Amino acid sequence: MKILHLISSPRGEASFSVKLGRAIVSELQSAHPDHTLITHDLTATPFPHLEEAHITSFFTPEEKRTPELVEAVKHSDEAIAELMNADAVVIDAPMYNFGIPSTLKTWIDHIARAGKTFKYDGKTPEGLVTNKKVYLAISSGGVYSEGFMKAYDFTESYLRAVLGFMGMTDIKAFRVEGVKVPGMQETALDKAIQAIEL
Ligand SMILES: Cc1cc2nc3c(=O)[nH]c(=O)nc-3n(C[C@H](O)[C@H](O)[C@H](O)COP(=O)(O)O)c2cc1C
């Protein structure tokens with residue numbers, strides 16, 4: 001099994017999403033002794049925000065790209081190749097302002113490409129990134145899996161929507177939540193790790 005692990009918290013060893021993501025990776029490794037693992041810290045080597053050259057390059061046929069446009073599409077092509085090659089993708093996603101961090105969003109902006117990761121067949125979109133298992137490791141200060149704040153959760157719902165659109169529909173989400181809530185924070189990580197089911 002080829003595992004791709006994406007980190008989007010800049011908090012290193014203190015990060016709850018990274019700890020949960022690592023626990024998922026570790027279970028995958030135990031279940032598949034023949035695994036390989038690629039880890040990308042999207043905060044250490046961030047993808048650039050999309051600029052004009054990136055977008056122009058995405059929509060220019062390969063043989064017509066100038067050297068500048070060839071350079072502009074390199075990150076995206078590499079990220080897509082890496083994703084296509086993976087069997088399992090573990091995505092660590094801290095909740096920032098009810099959504100995902102911009103470092104993770106820029107990665108998504110580089111992998112969501114018409115003709116590469118999705119296509120429109122007539123009017124129906126078709127995801128081209130198939131046969132992947134995706135595991136989300138979501139961390140949040142409050143509780144969003146139930147209760148009145150559930151409506152404010154745009155981490156899991158967004159990731160399920162955008163990854164599903166690209167064909168990644170086999171998604172399991174695990175949450176370490178309430179890390180800022182006294183009485184919950186002490187046990188939040190252990191509870192999340194115990195809930196992991198591949
Ligand atoms: C910029 C920023 C925005 C945040 N926004 C929210 C939020 O909207 N809701 C929430 O419950 N927690 C929020 N938090 C708390 C984090 O989700 C929480 O600390 C989480 O553990 C961060 O992930 P990490 O431990 O992997 O770094 C925010 C934290 C930061 C730094």
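**View 1. Ile-91 is found in strand E3.** The model is predicted: local features need pLDDT of at least 70, side-chain atom pairs count only at pLDDT 80 or more, and totals for chains, interfaces and linings use all residues. Residues are numbered from 1 along each chain as its sequence is written. Helices (H or I, at least four residues) and strands (E, at least two) are DSSP runs, numbered from the N terminus. Ile-91 is buried, with 27 other C-beta atoms within 10 Å. A residue is buried if 20 or more other C-beta atoms lie within 10 Å of its own, exposed if 12 or fewer, and partly exposed in between, with C-beta atoms placed from the backbone. Beyond residues up to four places away in sequence, Ile-91 touches Leu-6, Val-134, Leu-136, Ala-137 and Leu-159. Here contact means that the C-beta atoms of two residues, placed from the backbone, lie within 7 Å. Ala-44 is 47 residues from Ile-91 along the chain, and their C-alpha atoms are separated by 15 Å.

**View 2. Strand E3 is covered on both faces.** Of its 7 residues, 7 are buried. One side of E3 carries Ala-88, Val-90, Asp-92 and Pro-94. E3 pairs in parallel with E1 (residues 2-7) over 4 bridges; two strands pair if DSSP finds at least two bridges between them. In E3, Ile-91 is the residue opposite Leu-6. E3 and E6 are joined by 7 bridges, also in the parallel sense. Val-89 faces Val-134 of E6.

**View 3. Five strands form an open sheet with parallel pairing.** The order is E2-E1-E3-E6-E7. Strands E2 (36-41) and E7 (171-177) stand at the edges. Each has a single partner strand, so one side of each is left without a neighbour in the sheet. On average, neighbouring strands of this sheet are turned by 15° against each other, direction ignored. Axes are lines fitted to C-alpha atoms, for helices over the stretch in contact, and angles run from 0 to 180 degrees between N-to-C directions. E6 (residues 133-140) and E7 run parallel and share 7 bridges. Ser-139 stands opposite Val-176 in E7.

**View 4. The largest nonpolar core holds 40 residues.** A nonpolar core is a set of buried Ala, Val, Leu, Ile, Met, Phe, Trp, Tyr and Cys residues joined through C-beta atoms within 7 Å. The members that touch the most others are Ile-24, Val-90, Ile-91, Ala-93, Tyr-135, Leu-136 and Ala-137. H1 gives the most to this core, with 6 residues. Neighbours within four places in sequence aside, Ala-137 is in contact with Ser-17, Leu-20, Gly-21, Ile-24, Val-90, Ile-91, Asp-92, Ala-93 and Phe-174. In soluble globular proteins, nonpolar side chains tend to be buried together.

**View 5. The ligand is surrounded by 16 residues.** The closest are Ser-9, Ser-15, Ser-17, Pro-94 and Gly-141. H1 supplies the largest share, 3 residues. By type, the shell divides into 7 nonpolar, 8 polar and 1 charged. Ala, Val, Leu, Ile, Met, Phe, Trp, Tyr, Cys and Pro count as nonpolar, Asp, Glu, Lys and Arg as charged, and the others, Gly among them, as polar.

**View 6. Phe-98 and Asn-131 have positive phi values.** Phi of Phe-98 is near 75°. Phe-98 lies in the loop between strand E3 (88-94) and helix H5 (102-111). With 15 C-beta neighbours inside 10 Å, Phe-98 counts as partly exposed. Phi of Asn-131 is near 60°. The loop between strand E5 (124-127) and E6 contains Asn-131. Asn-131 is exposed, with 10 other C-beta atoms within 10 Å.

**View 7. Thr-117 is in the loop between H5 and strand E4 (118-121).** Thr-117 is buried: 21 other C-beta atoms lie within 10 Å. Neighbours within four places in sequence aside, its contacts are Ile-80, Ile-111, Ala-112, Leu-128, Val-129 and Met-166. Met-166 is 49 residues from Thr-117 in sequence but 5.6 Å away in space, C-alpha to C-alpha.

Terms used: A residue is near a molecule or strand if its C-beta atom, placed from the backbone, lies within 6 Å of it.
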